[in-house]
Amino acid sequence: MTPNQPARPTWAETNLDALAFNLHSIRRFVGEAIPIMAVVKADAYGHGAIECAKRLEREGAEWFGVALPEEGEEHRNAGIESPILCFGNWAGQEEMMLRHKLTPVVFQLERLAAFDREAAESGDKIKVHVKIDTGMGRVGVRADDAAEFAAELKRFAHIEVEGLMTHFASADEIVSEQTDLQMRLFADAVAAFHEHGFRPTYLDMANSPGAVVHPASRGTMVRIGGLLYGLGGDVLPKGFAGPELRPVMSLHTRISFLKQVPTGTTIGYGATFVTKRESLIATLPIGYHDGYPRSLSNKGRVLINEHFAPVVGRVSMDWTTIDVTDIPDVKVGDQVTLIGSQGDSSISVEDIAAVAETISYEITCGISKRVRREFKSTKENLPL
Ligand SMILES: *Cc1c(COP(=O)(O)O)cnc(C)c1O
């Protein structure tokens, strides 16, 4: 899109200064000595992975974590040089991963064999991180099988085990028997690898809540996603004094259409809202395809001229209607904030998630590609 081309005025803003603030705040909280893997999978939880990674790399994040090798490849193509761990990878991606120095997470001997062959061909060694399943129950070598797996691993001459990792299922609870058990099982798996002569540099367990709530889980690196994006509200236990965080994403649009309607007017699909008074209804150019959840129909609220206005009727694919009868001086083109603040009032991602009965991650990840991204930064960002 050329800069002057008119476009739908619906945009998400990523505040890169807030992102940097959160990184430093988390680092102070978990301790300066512990490397931080900034998890930027899923387009940095919807915040724009490349721009976020560039800023985080510049601010000193030691590692990046992505879900797919393709995501890692995008970072390399954009000039990110720090180590990148790929939580998943699939048959046929070995050559590309080696070429881009993307570090695989492995938990299957067939995948190790494939990486070993590829590394042998290029005359190189490949570093891998082995995932141990200590209770999440998704991917990983089951903790019981760790010793046997370590024994098998010795036959791959071109594989170096640089890390062992596990992932918590319930670290967001202050007292968590499951987290304690997961830590014990992980320690046993580490011991089994040691017995077989492996000395991995990285022994990491903690995600955002682990790193903050369970100091014993910090190991030799922490993998932080949600907290970097300021989503502490539902990642950390209620009332827990964690690091100070700032929201990173805000979501905005502008009023497209205003109409004065009489009592008894139906609004939206299913006529689920009927005006009970003469009303001023504004239509916003944003809908569920943009990631504004349909479950906010007749429940959500937005900010306009520093006042809250309720969503009335169903949120549809491309449009949302709000009641602005009580708000002074409303005009077509006025800025509406769906996530973020105006004056002293604010709507957090966590607020929206609570109404939509989900978690904040799903809201930010769900803001679709159709929503233009803007990046706010007082530091000049490196060219993309
Ligand atoms: C997504 C993910 C994380 C980050 O979790 P947060 O709760 O967002 O900090 C860490 N480790 C792994 C393996 C992940 O998949």
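A: Two residues are in contact when heavy atoms of theirs lie within 4.5 Å. By that criterion, residues 24 or more positions apart account for 66% of the contacts with a separation of 6 or more in the protein chain. The model is a predicted one, in which local features need pLDDT of at least 70 and side-chain atom pairs count only at pLDDT 80 or more, while totals for chains, interfaces and linings use all residues. Residues are numbered from 1 along each chain as its sequence is written, and side-chain values use heavy atoms, with hydrogens and water left out.

Along the principal axes, the C-alpha atoms fill a box of roughly 80 × 50 × 40 Å. Of the 384 residues, 55% are buried, where buried means under 20% relative accessible area, exposed means over 50%, and partly exposed lies in between, with a 1.4 Å probe and protein chains only. The accessible surface, from the Shrake-Rupley method with a 1.4 Å probe and, for residues, only the protein chains shown counted as cover, comes to about 17,200 Å², and carbon and sulfur atoms hold 51% of that surface.

Helix 4 itself spans residues 69–77, and P69, E71, G72, H75 and R76 are its buried residues. Viewed down the helix axis, these residues fall within an arc of 155°, so they line one face of helix 4. The arc is that of the directions from the helix axis to the C-beta atoms. An α-helix has 3.6 residues a turn, so residues three or four places apart point the same way. On the face of helix 4 turned away from the buried side stand the exposed residues E74 and N77. After helix 4 comes G79, which has a positive phi near 100°.

The surroundings of the buried face can be named in turn. Its residues pack against helix 2 (41–46), helix 3 (49–58), strand 3 (63–66), strand 4 (84–86), helix 5 (94–99) and strand 5 (102–106).

The buried residues of helix 3 are A49, I50, E51, C52, A53, K54, R55 and L56. Just after helix 3, G60 has a positive phi of about 105°.

The cysteines of this region may be taken next. No disulfide, meaning a pair of cysteine sulfur atoms within 2.5 Å, is found in a search of the whole structure, the total being zero. C52 is in no disulfide, and the nearest cysteine sulfur, in C365, is 12 Å away. The relative accessible area of C52 is 0%, and this residue is therefore buried. For C86, the closest cysteine sulfur is again that of C365, 17 Å away and too far for a bond. C86 is likewise buried, its relative accessible area being 0%.

Although K101 is not a glycine, its phi is positive, about 50°. K101 is exposed because its relative accessible area is 62%.

In summary, helix 4 has buried residues along one face and the exposed residues E74 and N77 on the face turned away from them.

Note on methods
Helix = DSSP H or I, 4+ residues; strand = E, 2+ residues; numbered from the N terminus.
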